[in-house]
Amino acid sequence: MYPDNNSRSAALWQRARKVLPGGNSRTSVFLKPYPIYAASGSGSRITDEDGVERIDFVNNYTSLVHGHAHPKIVEAVTEQISRGSCFAAPTEAEVRLAEILAERLPSVEQSRFANSGTEAVMMAIKAARGFTGRAMIGKCEGAYHGSYDYAEVSQGVAPADWGELDAPNSVPPSRGTPPSVAKDVVVVPYNDVERAKKLLTPKADQLAAILIDPLSNQCGLVPASPEFLAFIREFTREHGIVLIFDEVISFRLGYHGAQGAFACTPDLTALGKVIGCGYPVGAVAGRADVMAVFDPSESKPSVPHAGTFNANPVSMTAGCAALEMLTPEAYKHIGALGERARAGLREALDAAGVPGMVSGQGSLFRLFLVQKKGAGYRNMMMTAEESEMMTQLHRYLLNHGIFMSFYGLGNTSTAHTNEDIDQLIETTRNGLGVLKQQGLAAE
Ligand code: PMP
């Protein structure tokens, strides 16, 4: 049972917190009273240091689209490692992965690879700046785009700081951030065409880029509306602004990515997670004329892009193997599993009489334990009561064989079966019933 002070995870945490702040290296995997340390994973299952096996619906926050240690990926990576894990030279694997992206994503002619989604977003912003010669960027309030200062502005912002909806504050991400960072970011409410237009128009000729995740998790995992995307596409085109899609997660929406699913073609796309399928990866990809800012073949590039492990052949090989298996049929399969999860979780809420909601699309789903008023960060932000309910439900799930994110995000992989999904639904229904009995869930 979690928590258990006599567990190996608890002991590891005591050891770890002496040498790692919080006992680990990643905010999103910290858990109170202590994080659960992983020992191994296989297919749809993850096993912790105490030998407890759970069905994994986190999939390392959506990156493991084929589950853990898929034999074909293990084989491809092992073969690569035996020939060397990295070189101060490009490799064919990098060319192959770039070819796959160019073949699948409508906006992509060229790619540059790095090691995280954070770097992908950072390089996309830098490329947009290099291309336009402008400094400012626009982004949606609350949206998460990784850990680059500019992309972090107004991410996870608290109600006391967010300001009027007509003029959201640009909130610096962390203490000591240079004030210029927030000044160079225009923050607009998600899916709100009128407000976005009012806020962006006065800055139109100073904006290098508008950065959008068309299925922003922090804005509720609700798709960007066709009107919002149409407005942003038209506005950016009209004013010579680079439209960047952050598809680090939303690439999962289909064979042609979120841009294919939503029929909106950006200029640049930031990618990560699935395109390395378990190995560190990031890519900035897009129109060749914009990507030319990185090109050192004629003269010093306007945007230098270095990195010891950029396009490392292990990640590139894993990415190629993963994407080759991620066929249109595979997308259909993980999408059907996602739909089964969404429908079943809605039924579980109904059966338990808990007024929540379930959002998401394709292989991505998110459970809320309070009915939400509409898309957008402010409406979708969890209340303190909801967070407490979610913590209790999460703990129930952990203690009944289900590994979900602590705030209700889940995703399916090709390793999951209908039975796995049904177990998630049944366990959630039972967990909600317990919340209700304890008087935690709202009537
Ligand atoms: N963008 C989005 C939409 C993300 O969800 C994430 C990571 N969860 C990132 C960017 C950053 O990716 P990474 O964690 O690989 O740096």
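Me: Where does the ligand sit in this one?
Reply: In this predicted model, the ligand sits in the largest pocket.

Me: What lies 2.6 Å from a nitrogen atom of the ligand?
Reply: That is a polar side-chain atom of Asp246, and a polar side-chain atom of Lys273 is placed 2.8 Å from a nitrogen atom of the ligand. On the oxygen side, an N or O atom in the side chain of Thr118 is 2.7 Å from an oxygen atom of the ligand.

Me: How much of the ligand does the protein bury?
Reply: The protein buries 80% of the 390 Å² that the ligand exposes when taken alone.

Me: Switching to the strands, in what sense do strand 2 and strand 3 pair?
Reply: Strand 2, residues 45-48, and strand 3, residues 53-56, pair in the antiparallel sense over three bridges, and Arg45 has Ile55 in strand 3 as its bridge partner. Their hairpin has four residues between the strands, and Gly51 takes a positive phi near 80° there.

Me: What about strand 3 and strand 13, parallel or antiparallel?
Reply: Strand 3 pairs with strand 13, residues 402-403, in the parallel sense over two bridges, with Ile55 standing opposite Ile402 of strand 13.

How values were computed: Residues numbered from 1 in each chain as written. Predicted model: local features only at pLDDT ≥ 70, side-chain atom pairs only at ≥ 80, totals over all residues. Heavy atoms only, no water. Polar contact = N/O pair within 3.5 Å; in protein donor to acceptor, adjacent residues only side chain to side chain. Areas by Shrake-Rupley, 256 points an atom, 1.4 Å probe, with all protein chains shown as cover. 1 Å grid on protein atoms, 1.4 Å probe; cavity = no way out; pocket = protein on both sides within 12 Å on 5 of 7 lines; lining within 4 Å. Sits in = over half its atoms within 2 Å of the grid points. Pairing = 2+ DSSP bridges.
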